[in-house]
Amino acid sequence: MRGRIAFVVVAALAVLAPPAPAAADAQLAALLDRSNQQFFRGDYTGAASGYQRLVELGAGDARVLFNLGTAQARADQLGPAIHALRRAASLEPGNAQVLQNLATVQAMARARYTATDRGALKGADREGGVSR
C-alpha cells in the first residue's frame, strides 16, 4: 500500500515541480509523522490539517482518510469527519475500524441534531420558517 501512495504522490508532485522521488517520499513521511504526533498530543485540529494536506498532495489512501476523519471528529468537525470516513470506507469497504468510526461519528451528529436543532426548529413551521 505504501508503494501505491508513493506512486500517486510522485505523479502529483511531478506536475507541480519535479522533486526527486525519494525527497517527496521523505517529505510526505515527515508530514504524516508530524500529523500523527499532533494527534497523540491532543492537537486534533493541527493533525487534521496535516492529514488534509496529505490528501491534497495525492497521498489520501484509506489510512490517511481514516486518520483525517478521526482527527476531525475529535476536533468537533463532524460533517467533514463523516465525509473523510465515507471516503475511507469506499476505498476499504470491509475495514471494520473505519466502519465503526463512521457509525460513531454519524451517531454523534444525529445526537447533536436531536439535542439542538430539533428544539430550535420546533415551531418554525408555525412561524413560516419551514415549508412543507
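**Helix packing around α4**

Visitor: Let's start with α3 and α4. Which residues meet there?
Guide: This is a predicted model, to be clear. On the α3 side, Tyr-44, Ala-47, Ala-48, Tyr-51, Gln-52, Leu-54 and Val-55 make the contact, and they meet Val-64, Leu-65, Asn-67, Leu-68, Ala-71, Gln-72 and Arg-74 in α4.

Visitor: How does that contact split by class?
Guide: Ten nonpolar, three polar and one charged residues for α3 with α4.

Visitor: And what's the angle between α3 and α4?
Guide: Helix α3, residues 44-56, packs on α4 at about 150°, and the axes are 8 Å apart. The cut-off for roughly antiparallel is over 145 degrees, so α3 counts as roughly antiparallel to α4.

Visitor: Left-handed or right-handed crossing?
Guide: Left-handed, as α3 passes α4.

Visitor: Asn-67 was in that list. Is Asn-67 buried or exposed?
Guide: Buried: the relative accessible area of Asn-67 is 17%. The cut-off for buried is under 20%, which is why Asn-67 gets that label.

Visitor: What does Asn-67 touch?
Guide: Leaving aside residues up to four places away in sequence, Asn-67 touches Leu-32, Asn-36 and Tyr-51. Tyr-51 is one of the α3 residues in the contact with α4, and Asn-67 itself is found in α4.

Visitor: OK, other neighbour. How do α4 and α5 cross?
Guide: Helix α4 covers residues 62-74 and helix α5 residues 78-91; their axes come within 8 Å and cross at roughly 160°. That makes α4 roughly antiparallel to α5. The crossing is left-handed here too, with α4 passing α5.

Visitor: Which residues meet in that pair?
Guide: From α4 you have Ala-62, Leu-65, Phe-66, Leu-68, Gly-69, Thr-70, Gln-72 and Ala-73. They meet Leu-78, Pro-80, Ala-81, Ala-84, Leu-85, Arg-87, Ala-88 and Leu-91 in α5. By class, the α4 contact with α5 has twelve nonpolar, three polar and one charged residues.

Visitor: How much of the chain is buried?
Guide: Of its 132 residues, 33% count as buried.

Visitor: Last one: what share of contacts is between residues 24 or more positions apart?
Guide: Among contacts in the chain with a separation of 6 or more, residues 24 or more positions apart account for 46%.

Terms used:
Residues numbered from 1 in each chain as written. Predicted model: local features only at pLDDT ≥ 70, side-chain atom pairs only at ≥ 80, totals over all residues. Heavy atoms only, no water. Axes fitted to C-alpha atoms, helices over the stretch in contact; angles between N-to-C directions. Helix = DSSP H or I, 4+ residues; strand = E, 2+ residues; numbered from the N terminus. Parallel < 35°, antiparallel > 145°, perpendicular 65-115°, else oblique. Left-handed = near helix turned anticlockwise from the far one by under 90°. Contact = heavy atoms within 4.5 Å. Nonpolar A, V, L, I, M, F, W, Y, C, P; charged D, E, K, R; others polar. Buried < 20%, exposed > 50% of the residue type's maximum accessible area, 1.4 Å probe, protein only.
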